[in-house]
Amino acid sequence: MSSLARILAFLLPTAAILTACHNPQSQVNIAWNGETYRSAEAYRAAFSAYDSKLVAAVPVMSDRIGGRVLMILPDADRIRPLTVKTANQPAANTQLFVEYDQASFQTVVDSVKRSKLFDSVEVSVRNDTESPPDLGYDYVLWVKVATTGPNHTGQWFSRWTLRRGSSFVEEGIGGDPGVPESERMLAFLKSVRSASAKLGGPALASGASPGNAAPYGALSGVVVSTQGDIVTSEHGVNSCGSMQVRTQSLTLPATIVARDRQNDLALLHVQHSFAAPAVFRDGAGIRQAETVVAIGYPYGEKWDSGATVTNGSVSSLSGAGDDTRFLQFTAPVQPGNSGGPLLDPGGHIVGIVKAKLNQSPAGPSSGDIPQNVNLAVKSAVVREFLDTNGVKYRAAPSTTELRSADIASAAKQSVVYVECLR
């Protein structure tokens, strides 16, 4: 029996315990789910048909999480150490057990997609799934494969794990083996929903969560050129069929020109000329404790037809894990603020709002809850992205300190409401 199959036992029927024996004629002889299969093809067809029934039984969940999730699965080489090689077992059977585990993982993926638990689901298969990096998704749901000892010297183990955005706080996914077989996948999905609640809900301010008032994919953007180039957050446009941008007086169809998933940036273009695009800060960089202003559409247009303004300061010049691509700031942001500008006292862009970390546990052993700890992509990263894509933006030193009201009045001409359409 595969040790990984035991980990997934709450998702599979009790009878789905794999056993195999060496046949003198080297025939495959696998007992599974009350039947014995003499060929690999028959066995594959059987568990494939069963997995299809599991997925078909999954309903669309009403209590959704929303947002974008990246599901990471271990590849065959990472699964293999978890597979128990019984005495005199043919190598072909070991490979079949690996295939069985891979199919079980794919069944989970298909069930998550069918449930509509998240707004969009992307899948990555990797060899190392111990601690995935932050790639700008609202959630990462993955099979954590590790060992109990250092440098992979201990016993191998695996478990489904959920992480919320860039917080790097993990929550293991449990299961209820006592429920009927047809409901075990649903029990798993409910445990994912429960884990999400323990992590504090959506981490990124994309407005995609159904619990918010924002339309599907609602977020903010900032005009950065007179030719109609707009920067926003990649996580809000990832699964869009089409997009539109609303200014104070116009609704314009938008095209996605470029995306940078690693830095969570997207470049949009509209056929419209703008007289007053936003200006980037040039010269001396932003400093810790400097005041900043965040402008955007929290909770989307349904909450407020105009952009809203919040004040705060720069609390750190790096993000989680000393990631220098980001800065932390205290100006309150809400779902829908993602993609909007973070402005310095001169009204110049110093960052693009990425995430809100309010109501997230500060660490696995901490009972503290960080307040007004939010992330923005630094302007240097944004400018490099625009340079790569040939955008002619404006930059100037911040030599004059303006009142927040004046900053807001000028910036609202370049901050737009971005809507992702299905």
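Predicted model: local features only at pLDDT ≥ 70, side-chain atom pairs only at ≥ 80, totals over all residues.
**Entry 1: the open sheet**

I began with the strand order and found an open sheet of 5 strands, which runs β5-β4-β6-β7-β8 with mixed pairing. At its edges I noted β5 (120-126) and β8 (170-172), each of which pairs on one side only.

I then followed strand β7, residues 156-164, to its antiparallel partner β8, and found 3 bridges between the two. Within this pairing, I located Leu 162 opposite Glu 171 of β8. Next I asked which strands helix α5 touches, and noted that this helix, residues 184-198, packs on the sheet in touch with β6 (139-147), β7 and β8, while its direction makes about 55° with that of β7.

**Entry 2: aromatic rings**

I turned to the aromatic pairs, for which the count comes to 9. Tyr 43 and Phe 47 are both buried.

I then looked up the pair of Tyr 43 with Tyr 100, which is stacked, with 6.4 Å from centre to centre and 15° between the planes. Because Tyr 43 lies in helix α2 and Tyr 100 in helix α4 (residues 91-115), this pair ties together parts that are 57 residues apart in sequence. Tyr 100 is buried, as is Tyr 43. Finally, I noted that ring pairs link these residues into a cluster made up of Tyr 37, Tyr 43, Phe 47 and Tyr 100.

**Entry 3: strand β9**

How many residues of strand β9 are buried? I found that 5 of its 5 residues, 219-223, are buried. Checking the directions, I saw that Leu 219, Gly 221 and Val 223 point one way from β9, whereas Ser 220 and Val 222 point the other way.

I next looked up the partners of this strand. With strand β22 (residues 415-421), β9 pairs in the antiparallel sense over 4 bridges, and Gly 221 stands opposite Val 416 there. With strand β10 (residues 229-232), β9 is also antiparallel and is joined by 2 bridges; here I found Ile 230 of β10 as the bridge partner of Val 223. The hairpin of β9 and β10 has 5 residues between the strands, and in it I noted that Gly 228 takes a positive phi near 95°.

How values were computed: Residues numbered from 1 in each chain as written. Heavy atoms only, no water. Pairing = 2+ DSSP bridges. Contact = heavy atoms within 4.5 Å. Axes fitted to C-alpha atoms, helices over the stretch in contact; angles between N-to-C directions. Phe/Tyr/Trp six-rings, centres within 6.5 Å; stacked < 30°, edge-to-face > 60°. Buried < 20%, exposed > 50% of the residue type's maximum accessible area, 1.4 Å probe, protein only.
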